[in-house]
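Here is a short note for a colleague opening this structure for the first time. Have the sequence and the 3D view side by side as you go through the points.

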2 protein chains.
Amino acid sequence: MKKATIKDVARESGLSLGTVSKYLNGSRGVKQANQIKIKQAIANLRYSPDEYARGLITNKTKTIGLVIPEFNNLFYAQLASELELAIGSEGYTVVVCESFYDTEREKKNLLWFASHRMSALVVVPCGKNAENYDYLKSIDIPIIFLDQYIAGLNYEFVLVNNREVCETCIEYLLDNGHRDILMVVAPKGLYTSDERVNGYYDAYENRGLNVNEDLIMRVEENIDKAYYCIKKKLQETRCTALFAANFPNTFGSIFTINELKISIPDDLSFVGFDDMMLTKLFRPKLTMIDQPIAEIAMFAKRRIFELMLQKNFEYRITKLNCSFLVYDSVKDIRVK
Amino acid sequence: MKKATIKDVARESGLSLGTVSKYLNGSRGVKQANQIKIKQAIANLRYSPDEYARGLITNKTKTIGLVIPEFNNLFYAQLASELELAIGSEGYTVVVCESFYDTEREKKNLLWFASHRMSALVVVPCGKNAENYDYLKSIDIPIIFLDQYIAGLNYEFVLVNNREVCETCIEYLLDNGHRDILMVVAPKGLYTSDERVNGYYDAYENRGLNVNEDLIMRVEENIDKAYYCIKKKLQETRCTALFAANFPNTFGSIFTINELKISIPDDLSFVGFDDMMLTKLFRPKLTMIDQPIAEIAMFAKRRIFELMLQKNFEYRITKLNCSFLVYDSVKDIRVK
DNA sequence: ACCTAAAAATAAAACGTTTCACTTCTAAGG
DNA sequence: CCTTAGAAGTGAAACGTTTTATTTTTAGGT
């Protein structure tokens, strides 16, 4: 069945194009009697407006495009969900794509969104430097980056206090007598990794201790790779504590711990990143750094709507606070 | 900066609209020299075509809309990822929305996709009966349902052999001496739950045993609710085996098992549903039913492309096979 | 040089809406 | 019964493309 157009509705209801359009956009200034006729006609023809034609002329779509690395990373999945809930409640639609950590795919997705006149773009970027994002210059809608900061890019950034919370965490481990703390983190050049590593150094410095760089390991954001590398490293390195500094590494650590039958916290103390139900899933309960996902979503939403009202976008950089949740996976090994 | 249009490119390159358009759509029949001019102009103006105008006239968007219940359910998240990868490789874009198990939101999302002229629609439906989907009749593009069957709806369905694989699973438990098998499954009326429960009955019947209906518990698809209900039930019911018949219940079971310090398989035998890395995460390795997610995605992709070529859609119903993976979480309790 | 056929370029129509400047209708006030 | 202002309705233009029928250019053969 061919899709009905507004012209069909006009003919069927015996009214003009303009009147039907007026009805569709708020029905102010259309007679009661005619409103009924139009309603009837629409029902008969199963008419629904073509958003392509509408968007073409209004230039507004009430839709927001979101690009995240992948759904399989529960941190991003949950962030996407929260955003969809927050923004959806305002009558906006959120559509999501994955970049799979590939800047080309990310670009393709963002340009798809842009050429479909999204009202705003939200992205958890996977590129490392500003040149990767040159193509955004031709896009005339608000753009919001989440999670990762990219130097030299003048857009909105919503971040967390990676450095400070890691500093707190490592200080806690040091204060419990740990000296050989293995940190597993995403590759160099990513804002979050670099900041988290900086926090590690800060803590050691605060306590007047020297960092053994060999204990900082970089692994791509992939659970399987994390599992493999952590297993290998744990077998060949002496350490009393393990700090997994992102979600895939936390998962990978737990796989390894199970596989090698390591007893937490007796054989090894452990701190993870991104709660994601993991504290409930594992026994004993895991000490964790937890990102304020709901807060990030709410804040991003607020900024999106503020930016959409502006003519010239005034972008800001914001850092929200993570929680350091102390449970039972770290042992006090100080000699008394 | 105002976005450049094809007219600007035409002016800048000193050529006509039609020529530029020809260039954009394959550049056959445009002089080498002029191709260069156009390329230049496009680069200068940072021009990119407006897909709204283009879609309006071509009626083709090379985009597929996908609606799933939620990203937080790793089974759906992974299904979405696989689909995006499979379909993306053909030059199509996949955009995703969540329904949050709400038929109204599902409807809104599907209609959004339809009015944006998606080339096809894919949905893991959350509605229980055909009336919920009346509105689809006005949509003239191929529609593919995944995971859930809904009686009376003439669309493409890609399902799995829920009943048979559960039959196998329960037979295995019975053959290991278990008689009081607690099954936790999603609410009545959902195709997957009902089929899985049917498999439970089949197995008991095959072994000439009677089902204790009290041991079949229905819980909404929500990890927290699953956790709460399973904990309560386990404390007040005698059973030697627990069969969690979907992803949230599997997760919820593991939370409970940890919380109550139940030892698997000595205190209780356990079988879960939807592998999702869980066999690696838990010790001992869990016996599981695993859905062929990649296969579902590949098959769905094939059907999508077949359907898009047809004039009148010839829909089919397909069932793919799950695996029953035996590991170490079920104890043989037969008296020898 | 001239003719012709093929190749390239063009201009106008079409897609399905909203918007805007008009026209027509309605009802209240004199 | 006439006037008039406000409400309701109308039809054409516009949005940025592709498509088409048509015109212009190019190049090959005599």
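1. A word on terms to begin: domain bounds here come from an automatic or database domain assignment. Please also keep in mind that this is a predicted model. For chain A, the assignment gives domain 1 (6-49), domain 2 (58-159 + 293-321) and domain 3 (162-291). Notice that domain 2 of chain A is written as two stretches, 58-159 and 293-321.

2. Let us look at how domain 2 and domain 3 of chain A meet. Their C-alpha centres are 29 Å apart. On the domain 2 side, 16 residues are in contact with 14 residues of domain 3 of chain A. About 1400 Å² is buried between domain 2 and domain 3 of chain A, and carbon and sulfur atoms give 54% of that area. Within domain 2 of chain A, the residues that lose the most area to domain 3 of chain A are Leu74(A), Lys128(A) and Gln148(A), which together account for 34% of what that side buries.

3. Which kinds of polar pairing are counted between domain 2 and domain 3 of chain A? There are 5 residue pairs in polar contact, both at pLDDT 80 or more, and 0 salt bridges. Helix H5 (74-88) and helix H12 (293-309) of chain A each supply at least two residues of the domain 2 side that touches domain 3 of chain A. The largest share of that side, 4 residues, comes from H5(A).

4. Salt bridges do turn up elsewhere: a search of the whole structure, over all chains, finds 36. One of them joins the side chains of Glu171(A) and Arg207(A), at 3.6 Å from N to O. Glu171(A) lies in helix H7 (residues 162-175) of chain A and Arg207(A) in the loop between helix H8 (191-206) and strand E7 (216-218) of chain A, so this pair ties together parts that are 36 residues apart in sequence. Is each partner buried or exposed? Glu171(A) is buried, with a relative accessible area of 17%, while Arg207(A) is partly exposed at 37%.

5. A second salt bridge to look up is formed by the side chains of Asp266(A) and Lys331(A), at 3.6 Å from N to O. This pair links distant parts of the chain, 65 residues apart: Asp266(A) sits in the loop between helix H10 (247-259) and strand E9 (269-273) of chain A, and Lys331(A) in the segment after strand E12 (323-325) of chain A. Asp266(A) counts as exposed at 51% relative accessibility, and Lys331(A) is partly exposed at 34%.

6. In chain B, Lys137(B) forms a salt bridge with Asp134(B), with 3.1 Å between the closest N and O atoms. Asp134(B) counts as partly exposed, at 41% relative accessibility. Back in chain A, salt bridges that share partners join Glu156(A), Arg302(A), Arg303(A) and Glu306(A) into one network.

7. Finally, the cysteines. How many disulfides does a search of the whole structure find? The search over all chains finds 0. A disulfide would need sulfur atoms within 2.5 Å. For Cys166(A), the closest cysteine sulfur is in Cys169(A), 6.3 Å away, so the two are too far apart for a bond. Likewise, the sulfur of Cys322(A) is 7.9 Å from its closest cysteine sulfur, in Cys166(A), again too far for a bond. Cys166(A) counts as buried at 0% relative accessibility, and Cys322(A) is buried at 11%.

Definitions and conventions. Residues numbered from 1 in each chain as written. Chains lettered and ligands numbered in written order. Predicted model: local features only at pLDDT ≥ 70, side-chain atom pairs only at ≥ 80, totals over all residues. Heavy atoms only, no water. Buried < 20%, exposed > 50% of the residue type's maximum accessible area, 1.4 Å probe, protein only. Contact = heavy atoms within 4.5 Å. Buried area = accessible area lost by both parts, 1.4 Å probe. Salt bridge = Lys/Arg side-chain N within 4 Å of Asp/Glu carboxyl O. Polar contact = N/O pair within 3.5 Å; in protein donor to acceptor, adjacent residues only side chain to side chain.
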